[in-house]
Amino acid sequence: MIRALLLVCAAAIAVAGCTNNTPPPGLSPHDVPASFEQRAPANAPVWPAHDWWSNYGDPQLSALMTEAEANNLDIVQAAARLRQADARAHQAGAALLPHIGASGSANTLYGDANGTAQHETDFNAGLDVSYELDFWGKNRDALESAQAASAASRADRETVALTVTSGVATTYFQLLALRERITVARANLKSSQDILNLVQRRVTAGFSAPADLSQQRAALAAELAVLPALEQQELEARDALAILLGRPPEGFSVNGNGLGALLPPAVAPGLTSELLRRRPDIATAEANLKGAHADLAAARAAFFPSITLTASGGVAYPALAAAVATLPGTGLALAGGVNIVQTIFDGGRLEGRVEETRSREEELLAAYRASVISSFSDVENALGSFAHLTAQEAALREQVIQAEKVLASAQRKYVAGSADFLVVTDAQRALYTARDQLSDIRRARLAASVALFKALGGGFNIAAQSQ
């Protein structure tokens, strides 16, 4: 029992935060590492802001984010679920207060005795009050469970919003990168056509074999086949972005034909233990765990008797109706009582409820630990991906520069008759592939920066949410 309680404390301590990198009780040192293995960018600000996308310096991206936060249908659904959870918490809190209601009745009685008809109208009107004494804390536990569910729903709404905004950024970068690749493909196509014209002149003049012309025509056809595939991908990316904004794809457009000068902003994680306060999914798991602990306490309190006080008062006619005598006239009527209910035998239903809630608590504790461990994996992968893609982009830039020189040299040698046409085709294939890879790597590097912002919580702070 003591061990289970210590494990449950992990969530509450995670919310309160840690002044050092010591893992909270309930999490082993393997769950919360001392530091991140992957190196963060130098001189980068620690933790992203809520509007992390503004650091990309793209006004169109910021406008798309604003629209997504307002109109995305997943966010709308999450907000509605949050309002439902808040309403349930409000209902649970009502059990701690007295219930007051108004009541009234009127009955007309008719009778015939010894040939004489008689009638009488009896009525009463008053207030009824009932209040359940929460000796064992059952109602308080139910309220705490509902409040935890509301907190979980609030954090879940933030998780949905972060997923949507990161999806908007990633899709936006993919759309621009595809347009850039289409531009590159068209430039490659023009270059291939120029080379084809050159080969045609040499074949016509008798300086080159007809096979060279067929080979270049095949290369040109391959370049032509690339364009439709890229254009279809661009269409699908644009439609996906429209859906993320909560609008139909028809008539939706985005400006820009490439990534241009877009550069990923730098951001770095702080202490590993601080990540527990920065991830909305961890906040959801922690709130669910607190709710399960409250449910278990309420299930145990159900073994004790339920005591309810009742009272009513008002006016009535007759003032007093009894089996022996009736006091006629209108007068004040008062009543009071105490109800005590204690379960004696229920076939083990209460024991089963306790066991169910205890198992649920164990499940959610494991889910909480899984969220914590997964969060560190997300950050490590995002940091590593960003660093490796940065190095890969630099290498590809150099490859494109050198491939352009190789192709120019191969063309000069071919025109001079000192090189075979195969050298030209190999050089142009290498250049076109490098150009396309460079554009895609730039997109991947921007997407990796988005993944890092998401892995770090996207500006979420559980302390701010609890205020």
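In this predicted model, the side chains of R238 and E234 meet in a salt bridge, with 3.6 Å from N to O; a salt bridge here is a side-chain nitrogen of Lys or Arg within 4 Å of a carboxyl oxygen of Asp or Glu. R238 and E234 are four residues apart in helix α5 (residues 210-244), so about one helical turn separates them. Helices (H or I, at least four residues) and strands (E, at least two) are DSSP runs, numbered from the N terminus. E234 counts as buried because its relative accessibility is 10%, where buried means under 20% relative accessible area, exposed over 50% and partly exposed in between, with a 1.4 Å probe and protein chains only.

By the salt-bridge rule, the count comes to 25. One of these joins D436 and R181, whose side chains meet at 2.8 Å, N to O. D436 belongs to helix α8 (residues 421-455) and R181 to helix α4, so this pair ties together parts that are 255 residues apart in sequence. The two partners can be described by their accessibility: R181 is buried, with a relative accessible area of 16%, whereas D436 is partly exposed, at 24%. Another salt bridge brings together the side chains of R443 and D440, at 3.1 Å from N to O. R443 and D440 both sit in helix α8, three residues apart, which is about one turn of the helix. D440 is partly exposed, with a relative accessible area of 28%. R181, D436, D440 and R443 are linked in a network of salt bridges.

Helix α4 also holds S145. S145 counts as buried, at 13% relative accessibility. Apart from its neighbours within four places in sequence, S145 is in contact (heavy atoms within 4.5 Å) with G291, A294 and D295.

F135 is placed in the loop between β2 (116-133) and α4 (138-205). F135 counts as exposed because its relative accessibility is 53%. Together with W136, F303 and F304, F135 forms a nonpolar patch on the surface, and the four have about 420 Å² of accessible area together. Patches are made of residues with over 30% relative accessible area and no salt bridge; like charges are joined within 9 Å, and nonpolar side chains (Val, Leu, Ile, Met, Phe, Trp, Tyr) within 5 Å. Accessible areas come from the Shrake-Rupley method with a 1.4 Å probe, and for residues only the protein chains shown count as cover.

Two tryptophans can be taken together. W53 lies in the loop between α1 (2-16) and α2 (59-71), and W47 is also in the loop between α1 and α2. W53 counts as buried, at 7% relative accessibility, and W47 is buried too, with a relative accessible area of 12%. Leaving aside neighbours within four places in sequence, W53 is in contact with L61, S62, M65, E69 and T165. The C-alpha atoms of W53 and T165 are separated by 8.5 Å, although the two residues are 112 apart along the chain. W47 has a phi near 70°, a positive value in a residue other than glycine. Most residues other than glycine have a negative phi.

Helix α7 (residues 349-416) has 68 residues, which at 1.5 Å a residue should span 100 Å; its end C-alpha atoms are 94 Å apart, which agrees. The expected span is 1.5 Å times one less than the number of residues in the helix.

Finally, the chain as a whole. The chain has nine helices and six strands. Its radius of gyration is 37 Å, whereas a compact globule of 467 residues would have a value near 23 Å; the radius is taken over C-alpha atoms, and the globule rule is 2.2 Å times the number of residues to the power 0.38. Along the principal axes, the C-alpha atoms fill a box of roughly 140 × 60 × 40 Å. Buried residues make up 40% of the 467 residues. Of the contacts between residues at least 6 apart in sequence, 81% join residues at least 24 apart. The accessible surface of the chain comes to about 24600 Å², and 58% of this belongs to carbon and sulfur atoms.

Residues are numbered from 1 along each chain as its sequence is written, and side-chain values use heavy atoms, with hydrogens and water left out. As the model is predicted, local features need pLDDT of at least 70 and side-chain atom pairs count only at pLDDT 80 or more, while totals for chains, interfaces and linings use all residues.
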